[in-house]
Amino acid sequence: MLKISDLRTGYNGGEIVHGISLEVPDNQIVAIVGGNGAGKSTLIKAITGLIPLTSGTAEYNGEKLNGLSPDKIMQKGVCLVPEGRQLFPNMTVEDNLDIGSCTKESRKRRKENKEEMFQIFPRLLERRRQLTGTLSGGEQQMVAMARALMSNPKLLIMDEPSWGLAPILVTEMFQTIEMIRDRGTAILIVEQNVGKTLSISDWGYVIENGTVVMQDVGKKLLQDESLKKAYLGI
Ligand SMILES: Nc1ncnc2c1ncn2[C@@H]1O[C@H](COP(=O)(O)OP(=O)(O)OP(=O)(O)O)[C@@H](O)[C@H]1O
């Protein structure tokens, strides 16, 4: 399980995340929702080692992540699907997936893992030899998720996976996220699509101005009047 305690971080001496604590238990989907500029991506960058923590701790299964490089954090089983996907557009789907096998263990299982990915995402099997940059937005998001899963992560962190997707693909993507959880991978998801995200989340945190202002079971948060007004326009 991931445990974040009183985490503070920011950029160039300016603090953006003001002491956030949260937990992601095994086999659960945990959501971080909130408005633009609330600090959600900044928090995720700190957890995955892309920016340093100013204070507080990030622990995974009792081991400190603070100060570790993104690669070391990934070797511990924590893998990020970054915002905007960051795929290699001039490489084939299959080559992008191969790059995901970046831990010793997952390199040994590369072939089996790839077959499993093609079962989860059959559309990628048809397009395995296609250049990734020529895929649709939804297909590229599938490649990004499959590439991350190729490292056999125990915790998958996703930053805005619904970004740029047509509504029907968004629904499909959330179903896939539930399937990934049910296969035994915990998920920490940052999303602007508050309604869909909270409806599949075992627990949700609402972040405003770098602090947690509300937390509860996802579906319970969705019944909160102030949340409905602020994020769902109801
Ligand atoms: N590299 C950076 N250098 C300086 N400031 C940054 C940097 N990245 C983000 N910020 C600032 O940090 C604040 C929080 O940004 P962040 O991306 O964490 O918000 P967010 O909650 O993910 O928002 P959104 O939902 O709009 O992506 C913003 O004011 C942003 O301008």
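Me: Hi! What's the shell around the ligand like by class: how many nonpolar, polar and charged residues?
Reply: By class there are 3 nonpolar, 7 polar and 1 charged residues in that shell. Here Ala, Val, Leu, Ile, Met, Phe, Trp, Tyr, Cys and Pro count as nonpolar, Asp, Glu, Lys and Arg as charged, and the others, Gly among them, as polar. This is a predicted model: local features need pLDDT of at least 70, side-chain atom pairs count only at pLDDT 80 or more, and totals for chains, interfaces and linings use all residues. Numbering starts from 1 along each chain as its sequence is written.

Me: Which residues surround the ligand?
Reply: Tyr11, Ile16, Gly34, Asn36, Gly37, Ala38, Gly39, Lys40, Ser41, Thr42 and Gln192. Being near means a C-beta atom, placed from the backbone, within 6 Å of the molecule.

Me: And where does the largest share of that shell come from?
Reply: From H1, with 3 residues. Helices (H or I, at least four residues) and strands (E, at least two) are DSSP runs, numbered from the N terminus.

Me: Switching to the sheet, what's the strand order?
Reply: The order is E2-E1-E4-E5, an open sheet of 4 strands with antiparallel pairing. Strands pair if DSSP finds at least two bridges between them.

Me: Why is one side of E2 and of E5 left without a neighbour in the sheet?
Reply: Strand E2 (14-24) and strand E5 (63-64) stand at the edges and each has a single partner strand, so one side of each has no neighbour there.

Me: How many bridges join E1 and E4?
Reply: Strand E1 (residues 2-11) and strand E4 (residues 55-60) pair over 5 bridges. Serine 5 has threonine 57 in E4 as its bridge partner.
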